[in-house]
Amino acid sequence: MRVTTAIITALAIGLTSYAQNSPLSLEECRSMALVNNKNMKVAGQKVKTAGYQRKEAFAAYLPAIDFAGGYMYNQRDISIFSSDQMLPTKTFNPKTGSYEFNLVTNPATGEPIKGPDGQYVPETVALIPKDAMTYDIHNVFFGAVTLTQPVFMGGKIVAMNKLTHYAEDLAEALRDNEAENVIYAVDAAYWQVVSLKAKQRLATSYVSLLDSLDRNVGLMLKEGVATRADKLSVDVKLNAARVDLTKVDNGLVLSRMALAQLCGMPLDSPMLLADENIDDIDDTPLPARSYDMQQVYEQRPDLKALQMGINIAGQQKKVAMASMMPNLAVVGTYSFSNPNMFDGFSKKFKGAFSVGAMLTIPIWHWGGNYNKYKAAESEETVMKLKMQDAREMVDLQVRQASFRTQESVKTYNMTRVNQENADENLRTATLAFKEGVATADNVMEAQTAWLKAHSELIDALIDVHLCDTYLSKVLGTLN
């Protein structure tokens with residue numbers, strides 16, 4: 001929450017600066033890029049997705065309530081009997097103390113009489129008409145409300161909750177890693193603009209020096225103390241310097257467009273940067289040669305993502321193990337229908353509750369569940385090996401970035417000394433030319449050396465900033 005607030009605040013400041021056409025700082029460019037970058041937006045949505053999946057997994061702890069209902073049309077009625085039924089009756093016989101069938105008897109012998117089918121002929125019958133046992137089921141409505149409460153699912157629910165929690169952490173780590181990539185890209189584009197702006201000033205100064213020399217050689221040519229070749233040599237240098245200035249101007253425009261695109265601003269926006277007029281850096285101490293690598297491992301978002309991958313693989317292994325464990329759930333249902341048979345056949349809605357338990361025990365699946373578990377175990381081993389390889393690469397990155405940053409600071413200090421010497425050399429050559437003890441070629445050589453020294457100083461200055469940013473990135477301390 002604090003990070004989001006900080007980004008929004010910085011973005012508001014950046015947009016205000018843009019609206020007022022005031023210089024944008026590096027932090028403001030970073031913030032605008034983080035908010036407008038499409039990959040960052042995708043990463044943010046993935047974090048939201050992982051959060052929803054975590055909540056979905058937690059819901060598995062709670063009872064599930066479902067409703068199912070339907071309607072069915074039947075062509076025919078249903079009848080219990082195929083025809084009218086005549087049932088024999090019984091009369092209580094006090095002599096035997098039991099009920100006996102009422103049968104037709106022979107008056108002479110008193111014996112029951114059998115019919116043609118060999119069955120005794122009842123004297124009285126109870127008639128059950130077929131219509132009385134025929135029911136209208138043309139339109140049947142039915143439904144049920146079911147409550148299912150998991151009791152033991154082999155540890156699957158617990159594992160899925162931990163898995164989705166790690167998945168959310170993974171999405172956040174990947175978002176942070178993407179943020180670092182965006183910041184580094186913005187820094188590179190930002191300092192590219194600063195570098196080209198400095199080289200534009202340098203190229204303009206170089207053109208001015210050559211223009212002044214060209215005028216002086218022209219005057220000397222008129223006075224006969226310089227040759228036509230001297231004038232042509234200076235003209236060639238001056239034209240080449242003007243072409244280089246044009247290239248720098250175009251490069252600066254394109255670099256501003258690239259930075260504007262990264263920041264999510266219009267390509268033709270007049271972006272002014274706070275560090276455009278920078279010509280020096282504070283005394284920067286050399287970075288350390290060694291670091292607490294355990295702390296680096298904990299700070300790097302890419303290593304955090306790999307660790308979350310290991311945790312996820314471990315939970316997937318537990319999910320696979322759960323497929324070999326018994327599952328127990330309690331089920332409660334309220335079912336109803338119309339017509340119903342609870343109190344005879346009635347054409348109205350009526351239902352009843354039922355409660356039970358459901359137990360599932362895997363017995364034999366031809367090794368399918370076991371192989372699924374072993375596959376998940378192998379995947380966990382793969383993730384651990386990737387982590388080991390990544391740590392070794394991080395060690396190498398940190399060492400390389402540290403040495404490169406130290407080298408950039410030393411190079412900057414040396415180029416600053418070279419620049420001071422080139423300034424003094426140009427001053428001396430210009431003075432000697434005015435006094436007639438040096439040629440135009442000597443001055444142009446001094447000017448060329450001056451241009452090279454200043455250009456190398458600008459490159460070294462920008463390299464210090466980029467190396468510092470890259471070192472922070474590989475250390476996991478990039479803000």
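In which strand is the place of V355? V355 sits in β10, strands being DSSP runs of E with at least two residues and helices runs of H or I with at least four, both numbered from the N terminus. The model is a predicted one, with local features needing pLDDT of at least 70, side-chain atom pairs counting only at pLDDT 80 or more, and totals for chains, interfaces and linings using all residues. Residues are numbered from 1 along each chain as its sequence is written, and side-chain values use heavy atoms, leaving out hydrogens and water.

V355 is exposed, at 75% relative accessible area (exposed is over 50%, buried under 20%, partly exposed in between, with a 1.4 Å probe and protein chains only). V355 also belongs to a nonpolar surface patch of about 1,200 Å², whose other members include F152, L328 and W366. Patch residues have over 30% relative accessible area and no salt bridge, and nonpolar side chains are joined within 5 Å; a salt bridge puts a side-chain nitrogen of Lys or Arg within 4 Å of a carboxyl oxygen of Asp or Glu. W366, in the loop between β10 and α8 (368-434), is exposed as well, at 73%. Its phi is positive, about 55°, though W366 is no glycine. Most residues other than glycine have a negative phi, and most peptide bonds are trans.

Then there's the end of β9. S337 lies in that strand, and its side chain reaches the backbone oxygen of P339 at 3.0 Å. P339 itself falls in the loop between β9 and β10, and a cis peptide bond joins it to N338, with omega about 5°.

Methods
Patch = residues over 30% accessible without salt bridge, like charges linked within 9 Å, V, L, I, M, F, W, Y side chains within 5 Å. Areas by Shrake-Rupley, 256 points an atom, 1.4 Å probe, with all protein chains shown as cover. Polar contact = N/O pair within 3.5 Å; in protein donor to acceptor, adjacent residues only side chain to side chain.
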